[in-house]
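Please keep the structure open while reading.

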Amino acid sequence: MPDATPLTPGITSGRLSAETLSQNFDDLHPAYAPHEAAVAADRCYFCHDAPCITACPTDIDIPLFLRQIQTGTPEAAAKTILSQNILGGMCARVCPTETLCEEACVREAAEGKPVEIGRLQRFATDTLMRAGKHPFTRAKSTGKSVAVVGAGPSGLSCAHRLAMHGHDVVLFDARAKAGGLNEFGIAAYKSTDGFAAQEVDWLLKIGGITVETGQRLGQELSLDELQNEYDAVFIGIGLSGVNSLRAAGEEREGVSDAVSFIADLRQASDLSGLPVGRDVVVIGGGMTAVDAAVQSKLLGAQNVTIVYRRGQDQMGASRFEQDLATSKGVRIVANAQPVAIHGNGAVAEAEFEYTTTKDGTLKGTGETFRIKADQLFKAIGQTLEGAPEALKLDGRKIAVTGAGRTSVKGIWAGGDCASGGDDLTVTAVAEGRDAAEDIHSTLMGGK
């Protein structure tokens, strides 16, 4: 029996039994069986100028891999996917396909039910990975070496493509494990059974990649030394800083950032030992806010509320993610911004002001309300930390042009730390891949 219940006040562990927790954190989208996959793939019209390809940030030939599944060759389908997106297995699990390829699907326009491209992509890549195969071979050594700083999606993608071209790659990361947000920042029910680590191990089978963990840029790593030691440098350090609420009482006990909560949950060996509040408030409107809120509910919190400063239609989280949250019992309050965090030492209530948008500007209405809270998570975006001073910034990210070229010759950047694309796993993969191609071209005599 659990030590506590959803009704137990305060932040505590053991609100639910181990059996209930196991059920709660089971796979969000069950994997297809082979016959189910063939039937699902057969729904594709195999469009000649398929809009789903255009909608995919990595330009996967979706009709081709669906036909390969339909004809009983899922491993060939996997190679089609992985040739464009080496992290196709994780992207199949976490990519917001409902707002990308599946939203563009002709079936969606005609019937309101798209081909389930994400689940089919997972079927293909999982089939290949289970077989222990790596479909790519490493080219003859070029004698060139590249430092890749950050072992998240962009760094992994870049490292794999560089290694495939025959370059020697050293992949550095500040954490104790490679994977970046795939390992530490994705809801546990989206990536079960240690898949992120399995995918990294599989990716490294290309050869030519050495992984060095516990190496943080600006501390253990010096950009000057990397430039002197390697022929090129790629930076994919992500965003590690957390934005402030700028609300009185933010320092109170029980207030923390959602990213750390998700990371702790992902690395926990026993979910029953992970503490969660009875009354949880999450401030923010993106996928991180939804992941933190839903997982709080799944851990046994009685009341969980997401509060977002703008209208619900402007939330960064997709409609699917919002519906997932409400289906788990999470309440979403839109058009409200934090004013103060109240409590005697620890948080007891969060005070908000209703907002309205006038002439494109968000303004407070002056009307306030309070929500009971013993735990409050900040999910209002992350900021770049540790960017070398030598690199020019664009706003609050590393400025890049073309395929990730920074302001310093010989240094490229991609993923969430770089200016340009959306903060999505699939976009980071594409940026790492494209930077690798540009690095390869440059090292082999290009401009």
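This is a predicted model: local features need pLDDT of at least 70, side-chain atom pairs count only at pLDDT 80 or more; totals for chains, interfaces and linings use all residues.

Arg370 sits in strand S12 (residues 361–372) and Glu349 in strand S11 (residues 349–358), 21 residues apart. Arg370 is partly exposed, at 46% relative accessible area. Glu349 is partly exposed too, at 28%.

## Other salt bridges

The structure holds 20 salt bridges. One joins Glu437 to Arg161, with 2.7 Å between the closest N and O atoms. This pair links helix H17 (residues 425–443) to helix H10 (residues 153–164), across 276 residues. Arg161 counts as buried, at 12% relative accessibility, whereas Glu437 is partly exposed at 29%.

Arg138 and Asp168 also meet in a salt bridge, at 2.8 Å from N to O. Arg138 lies in the loop between helix H9 (117–130) and strand S1 (145–149), and Asp168 in strand S2 (residues 168–173). A network of salt bridges links Asp27, Arg93, Arg122 and Asp126.

## Thr406

Thr406 lies in the loop between strands S16 (397–398) and S17 (411–413). Is Thr406 buried or exposed? Thr406 is buried, because its relative accessible area of 11% falls under the 20% cut-off. A polar atom of its side chain lies 2.8 Å from the backbone oxygen of Ile411. Thr406 also touches other residues, including Leu391, Val400 and Trp412.

## Annotated region

An unreviewed UniProt entry lists residues 23–131 as "domain: Dihydroprymidine dehydrogenase". Over residues 23–131 the chain is 59% helix and 0% strand. The end C-alpha atoms of this stretch are 28 Å apart.

Technical notes
Residues are numbered from 1 along each chain as its sequence is written. Side-chain values use heavy atoms; hydrogens and water are left out. UniProt positions are given in the numbering used here, feature names are shortened, and annotations may be inferred rather than shown by experiment. Helices (H or I, at least four residues) and strands (E, at least two) are DSSP runs, numbered from the N terminus. Buried means under 20% relative accessible area, exposed over 50%, partly exposed in between (1.4 Å probe, protein chains only). A polar contact is a pair of N or O atoms within 3.5 Å; within protein, one must be able to donate a hydrogen and the other to accept it, and residues adjacent in sequence count only if both atoms are side-chain atoms. Contact means heavy atoms within 4.5 Å. A salt bridge is a side-chain nitrogen of Lys or Arg within 4 Å of a carboxyl oxygen of Asp or Glu. Lists of a residue's contacts leave out its neighbours within four places in sequence.
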